[in-house]
Amino acid sequence: MRAAHAETTPRPFPSRRGLLGVLLTSVAALCAFAPPEEPPGKTPVLALTRPDGTPLTPLALVGRDVFGRAGCYHCHAVDSDGFLRGPAGEGEARWAGPSLQGVGGRYLDRWHVVHLMGPQAVSPGSVMPTFAHLASTTLPPTAAARVVALQGEQKLPKALSEAEAARALAAEGKALVRRVVAEGGEAPRADSELVALVAWLQQQTLAQEAAPTTPLPAAPKAFDAAIRRDSKALAARGRELFQQTCTACHGADGKGGVGPSLVDSMWRYGGTPSAVFRSIADGHPARGMPGLGASLPTDDLRALTAYVAVTLRLGK
Ligand code: HEC
Ligand code: HEC
């Protein structure tokens, strides 16, 4: 049988004010979905490194505790080695949430903040409860000492003192908040549990990022001309796909949401059909946009390209 969290050893998390509230929220959420035959899992012992073996940063170490305290593992599977579990067959149905393996870098920091505050804002119909209380819960006063203790277990060549750990936590939190603001989001508290949790989530990267596989237009000028020529014929299919796949992030009319506006003529990666094709096919995974090249046939990629680069942009 595949190892599941039920077989892992519980780890006591430092108690603090607010723990009761967190528990009540999680328990309320659990009652809503837990199948009666599956008792809630024990707290898993999460890995102290990223999947590629590099050590978690101080803020991510603290965020790792938040993941345990908040009860995220009741819905998101963790393997017996302490890493988030990938797609697995057996017993998968018991997990109310998807695999979070490799979730790091898949979304913007801002996306995680918005999602944790209210999952339905970016994932309509999601059954994941809100974790907005983490935004107003500051890190426990023991956080810096906890980092020093965990760094001892990480066996770093140079361990931090408690004062250095406190400074590292503050600096990392502020840097993350600056990224959220640069991405157009509202600034969360830099010393909140929410920010630490996002730091941890963003370090759950895969050991090896998959290389882009989509064949890109070989002759961009000819491709651009063909897309412009065929845009009317492709628009209906393109619109349909756009509404299915893109509006959650780019807004119903492409005016922007978690992802940027696609109708303001401000292109980061280029607005020609071939550049837009490349954005759609390969995505910008490090900044929160998944690539669709592996999951959609080329005809659908062309239809989306025509819709975004020609029809939508010209408002036709
Ligand atoms: C009641 C079950 C439940 C709990 C508890 C829960 N989640 Fe989720 N989570 C879901 C579901 C369902 C989804 C898929 C829909 C969505 O994106 O909201 C999801 C999606 C996610 C995603 C996006 C995954 C992806 O690849 O799109 C992240 C990240 C995430 N959860 C993190 C967390 C964290 C962190 C916690 C704890 C603070 C948590 N979840 C607690 C059910 C849950
Ligand atoms: C999960 C959220 C998400 C989804 C779904 C998504 N995008 Fe994006 N998209 C983003 C983000 C975030 C960026 C900004 C990436 C960056 O700046 O590096 C982006 C960037 C882009 C760009 C580049 C814009 C530029 O300025 O050059 C294009 C084009 C684009 N998306 C089109 C699409 C299309 C078409 C779809 C649907 C097939 C889609 N996106 C689905 C989040 C998303």
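## What surrounds ligand 1

A residue counts as near a molecule if its C-beta atom, placed from the backbone, lies within 6 Å of that molecule. With that in mind, let's look at this predicted model. Around ligand 1 there are 24 residues, and the closest are Cys-72, Cys-75, Gly-97, Ser-126 and Met-128. Helix 1 (19–33) and helix 6 (193–202) are the elements that give two or more residues to this shell.

What kinds of residues make up the shell around ligand 1? Its members divide into 17 nonpolar, 6 polar and 1 charged.

## What surrounds ligand 2

Now for the other ligand. Ligand 2 is surrounded by 25 residues, of which Cys-246, Cys-249, Gly-259, Arg-287 and Met-289 are the closest. At least two residues of this shell come from each of helix 7 (220–245), helix 8 (247–250), helix 9 (273–282) and helix 10 (298–312). By type, the shell around ligand 2 divides into 17 nonpolar, 6 polar and 2 charged residues.

## The whole protein

How many helices and strands does the protein have? There are 10 helices and 0 strands. Reading from the N terminus, the elements therefore simply run α-α-α-α-α-α-α-α-α-α.

The protein has 316 residues, and 36% of them count as buried. If you take the contacts between residues at least 6 apart in sequence, 70% join residues at least 24 apart.

Why is helix 6 described as largely enclosed by the rest of the structure? The reason is that 10 of its 10 residues are buried. Among them are Glu-193, Trp-200 and Gln-202, along with Leu-194, Val-195 and Ala-196.

What covers these buried residues? The cover of helix 6 includes helix 2 (58–69), helix 3 (109–117) and helix 5 (162–182).

## Two helices that cross

Two packed helices are described by the angle between their axes and the distance between the axes. Helix 3 and helix 5, both part of the cover of helix 6, pack at an angle of about 90 degrees, with their axes 8 Å apart. Angles of 65 to 115 degrees count as roughly perpendicular, so that is how helix 3 and helix 5 lie to each other.

Helix 3 makes this contact through Asp-109, Arg-110 and Val-113, while helix 5 uses Leu-176, Arg-179 and Val-180. The residues of the contact divide into 3 nonpolar, no polar and 3 charged.

Terms used: Residues are numbered from 1 along each chain as its sequence is written. Chains are lettered from A and ligands numbered from 1 in the order in which they are written. This is a predicted model: local features need pLDDT of at least 70, side-chain atom pairs count only at pLDDT 80 or more; totals for chains, interfaces and linings use all residues. Helices (H or I, at least four residues) and strands (E, at least two) are DSSP runs, numbered from the N terminus. Ala, Val, Leu, Ile, Met, Phe, Trp, Tyr, Cys and Pro count as nonpolar, Asp, Glu, Lys and Arg as charged, and the others, Gly among them, as polar. A residue is buried if 20 or more other C-beta atoms lie within 10 Å of its own, exposed if 12 or fewer, and partly exposed in between; C-beta atoms are placed from the backbone. Two residues are in contact if their C-beta atoms, placed from the backbone, lie within 7 Å. Axes are lines fitted to C-alpha atoms, for helices over the stretch in contact, and angles run from 0 to 180 degrees between N-to-C directions. Angles under 35 degrees count as roughly parallel, over 145 as roughly antiparallel, 65 to 115 as roughly perpendicular and the rest as oblique.
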